[in-house]
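Take a look at the model below. This report walks through some of its local features, one group at a time.

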Amino acid sequence: MKMKKAFHPLFILFFCITLTASFMLSAEGATENRVLVLEIAESITPASDNLIADAIEIAENGNYEAFVITLDTPGGGLEETQIIIKAIENTTVPVIGFVPESGKAWSAGTLILMGTDIAAMAPYTVIGSAQPVKMSAEGTVPVEDDKIINALVKFSVETARKHGRNETFAEEVITKNRNLNDEEALEYGVIEYRASSIPDLMAQVDGENVKGRNLQTANAEIETYEPPFHLLFLKIISNPILSSLLLTIGLYGIIFGISNPSAGAEILGIIAIVLGLIGTGFDINIAAFFLILVGAGLLILELNSPGFGIFGLAGLISLVIGSLFLVPLGEKNIYTPEFTRLLVLAIVTPTVVIGLFLVYAVYKVAEIRKKKPVIGTIIGDTARTIDAVSPEKAGFVRYKGEYWKARSEEEIEVDQEVEIIGKEREVLVIKRKV
């Protein structure tokens, strides 16, 4: 019987290497198509710029198929919005904007959505309301300065035109605070897709040619961007309410620290101010900062002067006005009126409360200063001896129902009316009453 020829060991080794390589290539091919997703679920702040820049860098270096920004935001700063749109334009990675289910992309969020390469919305979502507002005596009012409005309108229209989107809406979202739901946005050419979820959207955009590449996203792996610790911390302190509160708390910490040097509050105050400035991106109203410093100085001056008067009142007024101006509003911001009112309440309320507390503290200090020393009220009063008192021997006297130890430079018998002429620690100095 003839035996079958065995395989050569080198052939077996080559076969194993080829098989292993093919498995590795197929595994790499399965995970090659990836999509990076960054969620923006709060206001557009200076931290948003850093988060998007970092995520774009990861998407570029990691050879991601696309970068998705989900927008569920009430708006934010115009300067930050322009930086984000510029970063989207400059990256080679296709950027997709998406308003997730039950979300909204108002104000700055709308502009960012129109600045993405592909724009999409989930059912029952809304975009719009990008007219800037400012504070006045009547509350929040729309900005009507033609210079500001015209510049913002032109920026919005050019952003839409660059991506072939509805230019009329891009204008009216600012001039008329126009809003659209997902169906209207698709019908009017503001967005390109409606999708229930990110996987659904990735299946729909598969094959689209964006920035010179054909998207292969139908079965792409979806990864959520996780910011590093320093950007996560920046995101927290960049919240407009928190950063403004840090500035306010820091200034009051300095006030308490100066008035009570041993407390160390001024150090904590300086730290809070630094964090607040970092959170605002160092874009702070200089006039507001100056007014608050003046108010703090006046209150400190009042603490060192008798009574609560003109310095204290002027200091409190300066603090309140400075806090109002400290709210990050006006021409460079496009917050919605509701968010603006929340900011004002968050800044002015603690200012008024702490200011009233300082008024009370100043009043109590003044009251204590006006109060006569105890020794000043005793001298000249009358007491009655219980024991005989002499230069050699002290005794007790009754003063206002209390027993006090007393001494005298003369002989005084029991049950004699005496006059208090001094006090040495707990011992009264007396003499015979004339």
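## A hairpin and its partner strands

In β16, the bridge partner of Y399 is E402. Helices (H or I, at least four residues) and strands (E, at least two) are DSSP runs, numbered from the N terminus. Strand β16 spans residues 402-408 and pairs with β15 in the antiparallel sense, over five bridges. Two strands pair if DSSP finds at least two bridges between them. The hairpin of β15 and β16 has two residues between the strands, and K400 takes a positive phi near 50 degrees there.

Strand β14 (residues 382-385) also pairs with β15, in the antiparallel sense, over two bridges. Here T385 has V397 of β15 as its bridge partner.

Buried means under 20% relative accessible area, exposed over 50%, and partly exposed in between (1.4 Å probe, protein chains only).

## How the model was read

This is a predicted model: local features need pLDDT of at least 70, side-chain atom pairs count only at pLDDT 80 or more, and totals for chains, interfaces and linings use all residues. Residues are numbered from 1 along each chain as its sequence is written, and side-chain values use heavy atoms, with hydrogens and water left out.

## Rings and charges

A search of the whole structure finds one aromatic pair. The ring centres of Y399 and W404 are 6.4 Å apart and the planes lie at 75 degrees, so the pair is edge-to-face. Rings of Phe, Tyr and Trp (its six-membered ring) pair if their centres lie within 6.5 Å; planes under 30 degrees apart count as stacked, over 60 as edge-to-face and the rest as tilted. Both Y399 and W404 are buried.

Two charges sit over rings. R34 places its charged end over the ring of Y64, 4.1 Å from the centre. K104 lies over the face of W106, at 5.8 Å from the ring centre. The rule needs NZ of Lys or CZ of Arg within 6 Å of the ring centre and within 35 degrees of the ring normal.

Where is T91 found? T91 is in the loop between α3 (78-90) and β3 (95-99). T91 counts as buried because its relative accessibility is 4%. Its side chain makes a polar contact with the side chain of E60, at 2.7 Å. A polar contact is a pair of N or O atoms within 3.5 Å; within protein, one must be able to donate a hydrogen and the other to accept it, and residues adjacent in sequence count only if both atoms are side-chain atoms.

Leaving aside neighbours within four places in sequence, T91 is in contact (heavy atoms within 4.5 Å) with I56, E60 and K211. K211 sits in the loop between β11 (209-210) and β12 (213-214). K211 is partly exposed, with a relative accessible area of 33%. K211 is not a glycine, yet has a positive phi of about 55 degrees.

## Confidence

The chain averages a pLDDT of 79, and 71% of the residues score at least 70. Residues 1-7 have a pLDDT below 50, and beyond near neighbours in sequence this stretch has one contact in the model. pLDDT is the predictor's confidence in each residue, from 0 to 100. Where pLDDT is low, the predicted coordinates should not be read in detail.
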